[in-house]
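Student: I have a chain to look at and want to learn how to read it. Can you take me through it feature by feature?

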Amino acid sequence: MADKAILPSALPPEEEIERLHKVINVLMKRVEQSMESQGSDYALFQSAVVLEQKVNQRTEELNKALVELGGTNRKLRRSQQALEGAIQRLNDAVENISEGFALFDPEDRLTVCNSSYRQMWGFDDRPLEDLLGSFFSDLVSETTRRGLSLSNNFDWPEARIRQHQEGTGTFEYHFRDGTCVQVRERKTEDGCTVGIYTDVTELKQREEEKHQQELAEKSLLLQSSLDSIQQGVAVFDHNELLVACNQRFTELMELPISIAQGNVPLSYIRDVDENFLALDAKQSERLFSEGKLVNYERTFSAEKVVDVQCSPMPNGGFVATFTDISEQKTNENQVRYIATHDALTGIANRNLFNERFSAMLNEAANLNHSLALLFMDLDDFKDINDTLGHPVGDRLLQAITSRINNIYPMGGIFARLGGDEFAIVMPMKKDSDDPSLLAELVIQTITQPFQIDGNEIHSGVSIGLTCFPRDGRDVDILLRNADLAMYKAKQKVSRRSRYAFYQEEMNQWVQERKEIEHELRHALGAGQLFLQYQPRFNLQQNRVVGMEALVRWRHPTKGLISPATFIPVAEQSGLISQVGNWVIETACRQAVAWQKQGLEDLTLAVNLSPAQFHYGDPIETIERILQQTGLSANNLEIEITENTLMEGVEYSIRSLQALKQKGIRIAIDDFGTGYSSLNYLKRFPVDVVKIDQSFVANIGVDSSDEAIVDTVLSLGHLLNLDVVGEGVETEAQLEYLRAHECDEIQGYFFSRPLSVECFSEFCLQQKELYEESLVTPETSGMKD
């Protein structure tokens, strides 16, 4: 019988040995039975022996394997015990940590969790065995169903499941009982999800307390800062809720102090004060839609004005600041009053007049109405100032203003434009409105005597009238035309009818003056101006002692233009400074040139226009020219008209003294034609007086003029002044002046004004005659 291999068994060693023993016993019984039935069969016996050997061998192998298995089992038991101890310790650790812990398998079933997890999510009432194996989505549904979540968002469960499945974030969940749980979930490599859940309620509370404390401190600091501000401040959020303000705000806006507690709707404040922040539609659009600052003023009373500024904030709210500008407004009103009213009379000045007149012109144009302008200038007012003093003149202006205030029409304008010039604007809404009647009433009112400081003062006025729209449509044109008409009125003899309406032909005179001004500006740079020199003859020494420089204008097409034509234009336009400076410098340079020719002791006389004092400092200019040209101040004589001196007595005295200190001689030209000059003559540092040619011309004709000449000669000699007779044209005039001991003369009888070349030749001849003692009154060559 062939041997069959004993295949390894898959049974445990103990069971395999037991099975083999059972097999051996079965086989042995079979052998015994076979031997009994067949006798001693050696082959069968031999087979049994072999089988027994194999069984023994197998048994030995199995015993050995059994021993090894026992050692292995012991190791396994020890490992199992260690593993069970580790698992128990892990479970204890997980159970004892303060954070919640949960482990979900790849199918998202809960496999591990601790009590903290169950408590946090509301599962502490369920047995652990019942909870394990639950799907995460079922757990979320149960949490939601129990109403533990604070979120009112119906999508919260889906969002929570999505976050869990992503397993990449950290989140916070708030529960209705105030608990806050921080969730940190991560995916493992094998697809499980590990979650750590931390109760951060106390931390959040501490953070919130700290935040609230910081807010309280900041709020206190903010409130202190707000209260320290002089302006009122109010902060409104995007819901128009007052969230912050200071006490100054309630004081300025006259609101209840309770509003300062904050959290007050804007609508409630408007219930208290309906005008509070009452922005119009345009202002609201600018503030809320355009996000720009809005500024306006709110007037509570005549004594209280508040400036309001609303500034938008990024969050949709706005900050309102309130500034008390009452004092500023009062000061502004005072400044504006000063700027727009005459300080002496209190009526409108030129600035306010122009402003109101312009407004009336616009209104009249829209309503198709007419206006009349009365431009008034007092007659001989300067005489009053000079004779009675400026204080009396000021009180006269105040008295005249008071009278006119009572008669000028309602709705009109009455203003002092400057000096003794006044203006009235009269509305003419009806055909019966006649400005000439108002002009006559003004004249009648002003010509009535005034009693001022014990003086009875008689005054007059000249009035020029223009009408809108006939004579002009703007302020400047109407004023200019009225001014022209006023000068026409001054030419009238009767003081009772000294008013005149503007006429179109008056513009021709204006155009001529403009043309002269334009051409004179060109003449200054084109060399059209030149000087002539009229000699002055000393009657005692019988010789030429000086000359007067006279400016002339030779126009390229118009020929010679009289100084009487262009000098007034130069004075009014301001060109007189350039013309006068050119005359002085040119004449001084020429005088130096003559001195080099042997005419050393001649005095150069130059006229100084009164207008030059208005457009610069002629004294400084004269000093500079003398220094530049090298002419000695002793050789220069400045001629100033008597009226120039009277325009500002004190200023004239200071100016003349400054010139006198430099060694310059001072002469009064046209003496006797001014205002009460004899009262002031002794105060002026004058060297020479020149008798006006109008008096000299009437010598032998008018005894009154001869008396004036005699008086001037006597007064001049008493004051140790040199007296010069101007405009001497006849021998009779010459002899009269010589007989009355006039010091010097000039005029056509002696010599006309000469060019530079002719003057040089004339003076050299006269010098030669004088030196040869051939000059006599009869043969002095006084005629051209």
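Student: How many disulfides does the rule give here?

Tutor: A disulfide is a covalent bond between the sulfur atoms of two cysteines. The rule asks for a pair of cysteine sulfur atoms within 2.5 Å. By that rule the count is 0 disulfides. Keep in mind that this is a predicted model, where local features need pLDDT of at least 70, side-chain atom pairs count only at pLDDT 80 or more, and totals for chains, interfaces and linings use all residues. Residues are numbered from 1 along each chain as its sequence is written, and side-chain values use heavy atoms, with hydrogens and water left out.

Student: Are C467 and C763 buried or exposed?

Tutor: Buried means under 20% relative accessible area, exposed means over 50%, and partly exposed lies in between (1.4 Å probe, protein chains only). C467 is buried at 9%. C763 is buried too, at 3%. Of the 784 residues of the protein chain, 43% count as buried.

Student: What is a nonpolar core, and which residues touch the most other members in the largest one?

Tutor: A core is a set of buried Ala, Val, Leu, Ile, Met, Phe, Trp, Tyr and Cys residues joined through side-chain atoms within 4.5 Å. The largest has 73 residues, and Y533, L604 and L636 touch the most other members. Helix α19 (residues 576-596) gives the most to this core, with 9 residues. Another core, of 30 residues, lies apart from it; C467 is among its members, as are A372, I443 and V461.

Student: What does L636 contact?

Tutor: Contact means heavy atoms within 4.5 Å. Neighbours within four places in sequence aside, L636 contacts C588, L604, V606, I622, L626, I664 and R665.

Student: How do β17 and β18 pair?

Tutor: In the parallel sense, over 3 bridges. L465 has F501 in β18 as its bridge partner.

Note on methods
Pairing = 2+ DSSP bridges. Helix = DSSP H or I, 4+ residues; strand = E, 2+ residues; numbered from the N terminus.
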